[in-house]
Amino acid sequence: MVSGLEEVTLATIALVVVAGLAAGWVDAVVGGGGLIQLPALLLVPGISPVQALATNKLGSIFGTTTSAVTYYRRAHPDLRTALPMAGIALAGSFGGAILAASLPSSVFKPIIVVALVAVAVFTATKPTVGELTKLRHTGRRHYGTAAGIGLVVGFYDGLIGPGTGSFLIIAMVTLLGYNFLAASAKAKIVNMATNLGALAFFLPNGSVLWGLGLVLGFANMIGGYLGARMAVKQGSKFVRLVFLVVVAALIVKLGHDVWVENIRG
């Protein structure tokens, strides 16, 4: 078993721990912690992109599980919607991870950047969206829409990953009618499942660096707990503000990736 810690300096481990704490906090509030965590892992000497992605998923599942439990205890999300979404998202994530092994994510990044810009503009220009829960559908249509969100976003998480929680939240706010806090609470349950789906593909391939992943996971747990508690305490307006900041960071990060890839191409 490869731990990933064999040739890592204390300074690098410290960086990974700090990144894990910050990523766990951001993920618990609005998702998007991979923006912090994945680049930190790529600084580990000798690590491959696939190992970084797989180890990131291992660390993240500790944080998303912790924040999901914290939200459940304090915000009591509707499990009748969240659990079916999570099951379908798990299957979608596994399928996305399979495709990720053969198809470069650069194919999809320009589309994702455009989608994120649209999300940011929509959220910024409609300040009342997501303040209160006003469900748009009931019965089968509600659960069918939730299942569709789980499948699409789960597939995206397995294929590319960054911003999964943010996409889940904005989809549940706009398409289902939840407020930002309720959407974030459900997103953690679904995101936990998407991490599991991707790990189900990565683990048999031996891509996970266990020692590094467990260190990251411990830090993620602490960040996830603190972030979930703060989100519940501060409410939907706070979640919306952090959401806009994270989406802006995603646009900059993925937009830069597309620009660099186009220059190299």
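This is a predicted model: local features need pLDDT of at least 70, side-chain atom pairs count only at pLDDT 80 or more; totals for chains, interfaces and linings use all residues.
A helix here is a DSSP run of at least four residues, marked H or I, and helices are numbered from the N terminus.

Start with the whole chain. Its secondary structure comes to 10 helices and 0 strands. Read along the sequence, the pattern is α-α-α-α-α-α-α-α-α-α. The radius of gyration is 17 Å, close to the 18 Å that the globule rule gives for 265 residues, so the chain is as compact as a globular protein of that length. Along its principal axes, the C-alpha trace spans about 55 × 45 × 30 Å.

How is the chain held together in terms of contacts? Take those with a separation of 6 or more: residues 24 or more positions apart account for 84% of them. Buried residues make up 53% of the 265 residues. The chain exposes about 11900 Å², and carbon and sulfur atoms supply 70% of that area.

Now look at the surface. L21, F218, I222, Y225 and L226 form a nonpolar patch there. Together they have about 460 Å² of accessible area. Helix α9, residues 210–234, gives the most to this patch, with 4 residues. I222 is found in helix α9. Is I222 buried or partly exposed? Its relative accessible area is 36%, so I222 counts as partly exposed, since buried means under 20% and exposed means over 50%. An α-helix has 3.6 residues a turn, so residues three or four places apart point the same way.

Next, go inside. The largest nonpolar core has 48 residues. Which of them touch the most other members? They are V30, L116, L168, I169, M172 and F243. At least two residues each come from α1 (10–29), α4 (79–100), α5 (109–125), α6 (139–159), α7 (164–176), α8 (180–202), α9 and α10 (236–264). Helix α10 gives the most, with 10 residues.

Leaving out residues up to four places away in sequence, L168 touches M85, I149, V153, A187, V190 and N191.

Finally, turn to helix α2, residues 34–41. Here L35, Q37, L38, A40 and L41 are buried. What do these buried residues pack against? Their partners are α1, α3 (49–75), α9 and α10.

Conventions:
Residues are numbered from 1 along each chain as its sequence is written. Side-chain values use heavy atoms; hydrogens and water are left out. Patches are made of residues with over 30% relative accessible area and no salt bridge: like charges are joined within 9 Å, nonpolar side chains (Val, Leu, Ile, Met, Phe, Trp, Tyr) within 5 Å. Accessible areas come from the Shrake-Rupley method with a 1.4 Å probe; for residues, only the protein chains shown count as cover. A salt bridge is a side-chain nitrogen of Lys or Arg within 4 Å of a carboxyl oxygen of Asp or Glu. Buried means under 20% relative accessible area, exposed over 50%, partly exposed in between (1.4 Å probe, protein chains only). A nonpolar core is a set of buried Ala, Val, Leu, Ile, Met, Phe, Trp, Tyr and Cys residues joined through side-chain atoms within 4.5 Å. Contact means heavy atoms within 4.5 Å. The radius of gyration is taken over C-alpha atoms; the globule rule is 2.2 Å times the number of residues to the power 0.38.
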